[in-house]
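Please read them with the structure open beside you.

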Amino acid sequence: MIRLKSSKELELMRQAGRITAAARAAAARAVRPGVTTGEIDKIVRRTIEQAGATPSFLGYGGFPGSACVSINDEVIHGIPSRSRVIHEGDIVKVDVGAYINGFHGDCAATIPCGEVSEEARKLIEVTRQSFYEGIKFARKGNRISDISHAIQTYVEAHGYSVVRDYVGHGVGAKLHEDPEVPNFGRPGHGVRLMPGMTLAIEPMVNVGTYAVKCLSDGWTVKTKDGKLSAHYENSVAITEGEPYILTLLENGEEW
């Protein structure tokens with residue numbers, strides 16, 4: 001069941017979104033050679049809690065961290081660790097969520113550590129831009145798959161593939177709500193978009209095949225072929241006009 005948010009509820013979601021964005025920004029600033037993923041996790045948790053919110057991911061389904069921190073060929077859900085060191089040239093996916101006043105924010109980005117390869121740089125750029133190509137269609141009267149198709153078309157035009165086993169989702173009072181938001185599909189299908197819908201739109205893009213595997217820890221998802229993957233996400237509100245990105249800083253920037 002899809003729950004449309006009132007204007008008051010959307011304002012509360014903006015608050016959650018700004019805190020979530022601040023945590024993503026703090027994590028992005030902290031990524032550098034020698035830092036551990038556990039340190040990134042601590043920074044995310046501290047940022048969220050100092051703002052009076054609760055980390056959405058901590059304990060969610062048993063997840064042990066406040067952030068998912070995934071490196072290189074890891075797609076999503078990397079478990080932060082005090083022994084996992086980030087190196088020059090790595091690309092680091094940080095996925096965060098914050099809960100306050102009854103609502104969640106959810107966002108992610110892929111951060112380059114120092115100088116990265118041209119392939120990695122392009123992958124990060126295409127993944128981020130595919131989100132913005134998708135939300136061009138996040139408008140009243142369109143359908144979910146119009147967003148999905150725009151993301152897939154842009155990604156594949158650049159020679160990459162979109163992950164199919166994991167998709168975006170509704171977000172609000174629950175971290176994961178209806179509807180699902182795939183990053184692939186034919187246009188003109190799925191739920192029709194209505195004002196008050198709030199969606200976590202999150203392209204996951206691989207250099208090689210879209211096939212992935214989950215590791216024995218039960219969380220970390222990697223590409224099957226060992227090639228690089230990138231992830232980008234924001235929580236978005238459908239309005240009477242242009243979509244509104246909930247997970248940006250107060251100045252409208254990412255970090």
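1. The largest share of the lining of the largest pocket, four residues, comes from E8, a strand in the DSSP sense (a run of E of at least two residues, whereas helices are runs of H or I of at least four, both numbered from the N terminus). A pocket here is an open set of points on a 1 Å grid over the protein atoms alone, where a 1.4 Å probe fits, with protein on both sides within 12 Å along at least five of seven lines, and lining residues have an atom within 4 Å of a point.

2. This is a predicted model, in which local features need pLDDT of at least 70 and side-chain atom pairs count only at pLDDT 80 or more, while totals for chains, interfaces and linings use all residues. Residues are numbered from 1 along each chain as its sequence is written, and side-chain values use heavy atoms, with hydrogens and water left out.

3. The largest pocket has a volume of about 380 Å³, taken as the space filled by probe spheres set on the points, which are joined across faces, edges and corners. Of its 23 lining residues, Tyr 60, His 77, His 169, His 176 and Glu 202 are the closest to the centre. Strands E7 (168-170) and E8 (177-181) are the elements that give two or more residues to this lining.

4. Ile 135 touches Ile 201, Val 236, Pro 243 and Ile 245, leaving aside residues up to four places away in sequence, where contact means heavy atoms within 4.5 Å.
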